[in-house]
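Here's a quick tour of a protein model, written for someone just starting out. Have the sequence and the 3D view open while you read.

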Amino acid sequence: MGGTFPMRSSRPVLVALAVVVLAAGLFFFLRSSSAPTPAVSPPVTQAPAPAPETPLDAGSGAAPVPVKTVEAPPAKPNHFVGSQVCADCHEEQHTGWKHDWHARALSPATKPYVVGTFTAGTHFKGESSEAWMRRDGSQYLMRTKGADGNLGEWPVQWVVGGKRMQDPITLLPDGRWQVMPVYFHVTGKSEWVDYSEKKQGALSPDHPFFWTNFRRSAQHACLDCHVTGLDARYDRASHQWETKFADAGVACESCHGPGGQHAESQAPEDIIQPAKLTKEEGFAVCAQCHGPRRTLFPMLDAKHHFLPGQRYDASYQPMVLLVGNERSGDFFADGRPSTSSFEYQALIQSQCHLKGGATCLTCHTAPHDANAPNEVRKQKPVAARTSVNASTCQGCHQEVVAQGEQHTHHKAAAAQDCLACHMPPVVSGVLDHFADHALDVPAPQNTARHDIPNACNTCHEKKTPDAMQDALVKWWPKAEARQARRLRLADAFDEKTAAQSRGALEAVLADTAEAGTLRGAAAKFLARRFKHDAVPALRAALKSTTDSTLRSDIIDGLGAANAREATDDLASLLKDGSLWVRQGAALTLAAFGDARGMPALQALATEPETRGLVQPHVMLGQLAMRRRDVATATREFEQALDLQPYNADVLVRLADLYVVQGNPAKGRERLEEALRFDPQNKSAKQRLGMIPAQ
């Protein structure tokens, strides 16, 4: 800006002008703001242990660069100790785990683990990305464009995975672990690819998914599920990250919980055995990573990370169909995940789970047990032509599996497999395809009406969906009854049929036999599409369910529909057993201006067990802005940022407050920080252009 306005004497006038303009914007915001800011809360867990001297197997914690290790604080009743301590007494299980892919979720970039080609001259060029890979002794290097758009070379210090895809990571000077622009596709042509570019389009340095930006930091997107005992911290003053963990990879304590107490006592009751948990709690052990989710507490709050033995919904809510107010591209129109790594979201809507109680461990083994490929349980198939992967189906469907061709009506060996029809490979990993864990019957009509792939046309590509439907109902006359559910879900959720979707959405919401997550999605869509007309159905569903995740979704819907007549319904939930529900009720009441919301919010923001929640502080800040209480608003927003420093929306609001208070320099700092985390934030860019550089 200094080059635009060269006269030094004009600076006070410009500052005053900026203050007036921003204050006007703030006044408009104070008048119009009513909805709570959604807190973006990526995944979490707890604490690196001493690394073995020679990393020759998966799961080694050896680091090619110095990494701070976590010392067990003596005051803690329990703490992470690392898998090597577990190996002292459980050598067989530890050895089995080291050969499992869970142990390779994150590995040091050393020869035993790196699968990508780093020979001299290795080169990749995409539409917007380009990289050259090479080795220098034991060090792996990647040359590519950096944040300034110029070429530079970075060391590869860690690698993620290696079974299908391997992602290289480099550590930047500010402590961020950045996922580099190109990945090695193991199961494809064994070549370098850029699947971020394939999914997001061309990536310039200011794009959120450009490799040097926050959205591509492993602390934000990867480490919670790729290490054990994560403790990531960010210093707002120095802009520095500090990252600690007990083990690289999904190690013993990811599934069994912190082992410090058990290591000292060796008592069985001092460690979690997933097989001995309730089915719901055992399911949560796998679910903590096998499906994207919203977290109740922010990712930097290691104290409140999920631990084995806890309920899933005490920490998480699965993302289904919507991310905030935006439609997710990771789902088919009928609510089934279309993208890999959503196994939890798929399985919980299956009849195998809803009626049969199936969980991950119904078909899969623990990471240290003997298994068939993909950690599937080894079983002797009932039918000779049933694959090992499908043989687990016979545990519940032995009679059907034994029927073989009589049931399948197909002669080809591949078509005899249960997976061919009920778990077709229609789920995309961008470059690979995976089995559909929603475990349903094919619905060719949804292909014709909603562009949803079906198992029949996966094999019979030249046949029309109508022809496949005719053949299907001829062979399985009862299939239409099963298909009706998927047809209703697609009619409800598809944007193409949104205008006519009210009846289908209300039917899904009212159906107590339907998956709670899909009922919750119906509540949100109903409110957003039909506003106040949705309120009676939302209130009826809220009163009839005990599902905390569904109640949270309905509360969200009531807020979106501006259902002020439901305030008594919401007030009755302020003492609910679910913290998700209590927070949602308090936030919505406060947004409605109901007096009962303020004390509930203040309690959430100040009580020891809940003051780590972000949204109550954000809402209290917004309410203070409405009252023109700038000091309180500033304090609450700063507290929210202490908990969630990457919340760009709050940073922008704070910038407005500082400018109004006559401190444009601090306002500029907050705007620059917002752009550090969200380079394309329009509000931050616009405001920053109005504040002259000091």
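At what angle do helix α26 (residues 597–606) and helix α27 (residues 615–626) pack, and how far apart are their axes? The angle is about 135°, and the axes are 9 Å apart. Before going on, note that this is a predicted model, where local features need pLDDT of at least 70, side-chain atom pairs count only at pLDDT 80 or more, and totals for chains, interfaces and linings use all residues. Residues are numbered from 1 along each chain as its sequence is written, and side-chain values use heavy atoms, with hydrogens and water left out.

**Helix pairs**

- Two packed helices are described by the angle between their axes and the distance between the axes. The axes are lines fitted to C-alpha atoms, for helices over the stretch in contact, and the angles run from 0 to 180 degrees between N-to-C directions.
- Helices (H or I, at least four residues) and strands (E, at least two) are DSSP runs, numbered from the N terminus.
- Back to the opening pair: with an angle of about 135°, α26 is oblique to α27. Here's the rule: angles under 35 degrees count as roughly parallel, over 145 as roughly antiparallel, 65 to 115 as roughly perpendicular and the rest as oblique.
- The crossing of α26 and α27 is left-handed, meaning the near helix is turned anticlockwise from the far one by less than a right angle (clockwise would be right-handed).
- On the α26 side, the contact (heavy atoms within 4.5 Å) uses Met598, Leu601, Gln602, Leu604 and Ala605. On the α27 side you'll find Pro616, His617, Met619, Leu620 and Leu623.
- Sorted by class, the contact of α26 with α27 has 8 nonpolar, 2 polar and no charged residues. Ala, Val, Leu, Ile, Met, Phe, Trp, Tyr, Cys and Pro count as nonpolar, Asp, Glu, Lys and Arg as charged, and the others, Gly among them, as polar.
- Next, look at helix α28 (residues 630–643) and helix α29 (residues 648–660), which pack at about 150° with their axes 10 Å apart. That pair is roughly antiparallel, and α28 passes α29 in a left-handed crossing.
- Val630, Ala633, Thr634, Phe637, Glu638 and Leu641 of α28 meet Val650, Leu651, Arg653, Leu654, Leu657 and Tyr658 of α29. By class, that gives 9 nonpolar, 1 polar and 2 charged residues.
- Helix α23 (residues 548–560) and helix α25 (residues 579–592) pack at about 10°, with their axes 9 Å apart, and they are roughly parallel to each other.
- From α23, Ser548, Arg551, Ser552, Ile555, Leu558 and Gly559 meet Trp580, Val581, Gly584, Ala585, Thr588 and Phe592 of α25. The class count is 6 nonpolar, 5 polar and 1 charged residues.

**Cysteines**

- How many disulfides does the structure hold? It holds 0 (a disulfide is a pair of cysteine sulfur atoms within 2.5 Å).
- Cys352 is in no disulfide, and the nearest cysteine sulfur, in Cys396, is 7.0 Å away. Cys352 is partly exposed at 27% relative accessibility; buried means under 20% relative accessible area, exposed over 50%, and partly exposed in between (1.4 Å probe, protein chains only).
- For Cys363, the closest cysteine sulfur is in Cys393 at 6.3 Å, too far for a bond. Cys363 counts as partly exposed, at 28%.
- Cys456 lies in helix α17 (residues 455–459) and is buried, at 16%. Leaving aside neighbours within four places in sequence, Cys456 touches Pro442, Pro444, Met468 and Leu472.

**Buried spots in helices**

- Beyond its neighbours within four places in sequence, Arg485 is in contact with Gln349, Gln351, Leu354, Asp440, Glu514, Ala515 and Leu518.
- In helix α9 (residues 279–287), the buried residues are Gly282, Phe283, Ala284, Val285, Cys286 and Ala287. They pack against α7 (252–256), α10 (343–347), α11 (351–354) and α12 (360–363).

**Positive phi in loops**

- Ser190 has a phi near 50°, a positive value in a residue other than glycine. Ser190 sits in the loop between β9 (183–185) and β10 (191–193) and is partly exposed, at 43%.
- Leu321 has a phi near 70°, also a positive value in a residue other than glycine. Leu321 lies in the loop between β16 (316–318) and β17 (322–323) and counts as buried, at 0%.
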